[in-house]
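Trainee: Could you walk me through this model before I start on my notes? I'd like to begin with the overall fold and then go residue by residue.

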Amino acid sequence: MNAALVAVLLSLVSACAYAAAAVAQERLASRASDAGPLRLLASGAWWWAVALNASAALLHVVALKYGPLTVVQPLGALTLVAAVPLGARLAGRRVSAIEWRGTGLTLLGLGALLLTASGPAPDDVLSVPEALTVSGATAALIGVLSRPGARPGLRHATASGIASGVASALTQTVTVAVTDRSGPLLSVQVIGVAVLVAAFATGGLLLSQTAYRGGLGAPLAVVTLANPVAAAVIGLSLLGERLRGGAGGVLLALTGAVLAACGVVQLSRAAPAPAPGRHEPAVPVLADPEPEGPAPAGLVPRQPGPGHLTPL
């Protein structure tokens, strides 16, 4: 079989696995919105989502062995295409028109961004000071975005995408350093950066779990957008990569960013319609029974005046 075709097939399966993992995380978040990390560790559904994410990541790495980055990386955006209808199907409803528009705009924008930023696999790596600097700046930014008291939503999704993108960039450093025969296999650089990869990958997974409490479409779009953008910033600033196409490439990247932002706004405004035939049961209003005897002193509720509601 053609190597490029193998890469495409692996990328498609990887995108579907990522989509299934995102849907599983969103459904778990909707059922247990106040569940902490320790309670998630005791959930079989949570570990199922972790296994799907790990399988998708492995398939993505294998696909990069058979195909160029310019083919494999854009196909990762198909996660959004698969996740939105899959989530709607499992919820028993149809995908709304605004969700289709938001998904389409986001994918167009992502395609433009990835087309200009992608290129041949680099052979440069981050040094230990550079990896520590990137990790410290990323941790500070994630702390600001996911500060205590912030409502779960797009800020947590942005933090998740940044954490995952930095983890991908650091993973590239580990991969290049390990495959380079000029140095020891388990050097201080490899071990230290591998620990940072594990920390950011775990943080990104937990942050996405929190973000999905507010729904699936918009948080997943933000995660899908922030991930390659964060990796591209590291590649452009530290690994010597360049935007393709010169001034035209910069213009295409800006256009893609605008399109992706419009898609995220569309998805954030999408309110899932209830499934056909499903209605919330009416809650009967029961009249308060008359007290059989005098109420104890100090426990008599204040009666509202005409046209006023009793404050809670």
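Trainee: How many helices and strands does the protein come to?

Mentor: The secondary structure comes to 11 helices and zero strands, where helices (H or I, at least four residues) and strands (E, at least two) are DSSP runs numbered from the N terminus. Read from the N terminus on, the elements run α-α-α-α-α-α-α-α-α-α-α. Keep in mind that this is a predicted model, in which local features need pLDDT of at least 70 and side-chain atom pairs count only at pLDDT 80 or more, while totals for chains, interfaces and linings use all residues. Residues are numbered from 1 along each chain as its sequence is written, and side-chain values use heavy atoms, with hydrogens and water left out.

Trainee: And what share of the residues is buried?

Mentor: Buried residues make up 37% of the 312 residues in the protein; buried means under 20% relative accessible area, exposed means over 50%, and partly exposed lies in between, with a 1.4 Å probe and protein chains only. The accessible surface of the protein comes to about 17800 Å², of which 68% belongs to carbon and sulfur atoms, the areas coming from the Shrake-Rupley method with a 1.4 Å probe and, for residues, only the protein chains shown counting as cover.

Trainee: Let's go inside. Which residues have the most contacts inside the largest nonpolar core?

Mentor: They are Val166, Leu170 and Phe200, in a core of 24 residues, a nonpolar core being a set of buried Ala, Val, Leu, Ile, Met, Phe, Trp, Tyr and Cys residues joined through side-chain atoms within 4.5 Å. At least two residues of this core come from each of helix H7 (128-145), helix H8 (154-179), helix H9 (188-211) and helix H10 (217-238). H8 gives the most to this core, with nine residues. Apart from it lies another core, of 20 residues, among them Ala19, Ala211, Ala221 and Val223.

Trainee: Which residues does Phe200 touch?

Mentor: Not counting residues up to four places away in sequence, Phe200 touches Ser135, Thr138, Ala139, Ile142, Ala163, Val166, Ala167 and Leu170.

Trainee: New topic: Gln25. Is that side chain's residue buried or exposed?

Mentor: Gln25, which lies in helix H1, is buried because its relative accessible area is 3%. Its side chain is joined to that of Asn53 by a polar contact of 3.4 Å; such a contact is a pair of N or O atoms within 3.5 Å, where, within protein, one must be able to donate a hydrogen and the other to accept it, and residues adjacent in sequence count only if both atoms are side-chain atoms. Leaving out residues up to four places away in sequence, Gln25 also touches Trp46, Ala49, Leu205, Ser208, Gln209 and Tyr212, among others.

Trainee: What else is there in H1?

Mentor: Val8 lies in helix H1 (residues 3-31), and it counts as partly exposed because its relative accessible area is 27%. Val8 and Ala63 are 55 residues apart in sequence, and 7.4 Å apart in space, C-alpha to C-alpha.

Trainee: How many salt bridges are there?

Mentor: The count comes to one salt bridge, by the rule of a side-chain nitrogen of Lys or Arg within 4 Å of a carboxyl oxygen of Asp or Glu. Glu99 forms a salt bridge with Arg93, with the closest N and O atoms 3.0 Å apart. Glu99 counts as buried because its relative accessibility is 8%, and Arg93 is buried as well, with a relative accessible area of 16%.

Trainee: What does the backbone oxygen of Glu99 lie 2.8 Å from?

Mentor: That oxygen lies 2.8 Å from a polar atom of the side chain of Thr103. Thr103 is found in helix H6 (residues 97-117) and is buried, with a relative accessible area of 3%. Not counting residues up to four places away in sequence, Thr103 touches Leu80, Val81, Val84 and Leu267.

Trainee: Last one, helix H11. Where does Leu259 make its contacts?

Mentor: Leu259 lies in helix H11 and, leaving aside neighbours within four places in sequence, is in contact with Leu105, Thr106, Leu108 and Gly109. Leu259 is partly exposed, with a relative accessible area of 28%. Leu254 lies in helix H11 (residues 246-269) too, and it counts as exposed because its relative accessibility is 54%.

Key:
Contact = heavy atoms within 4.5 Å.
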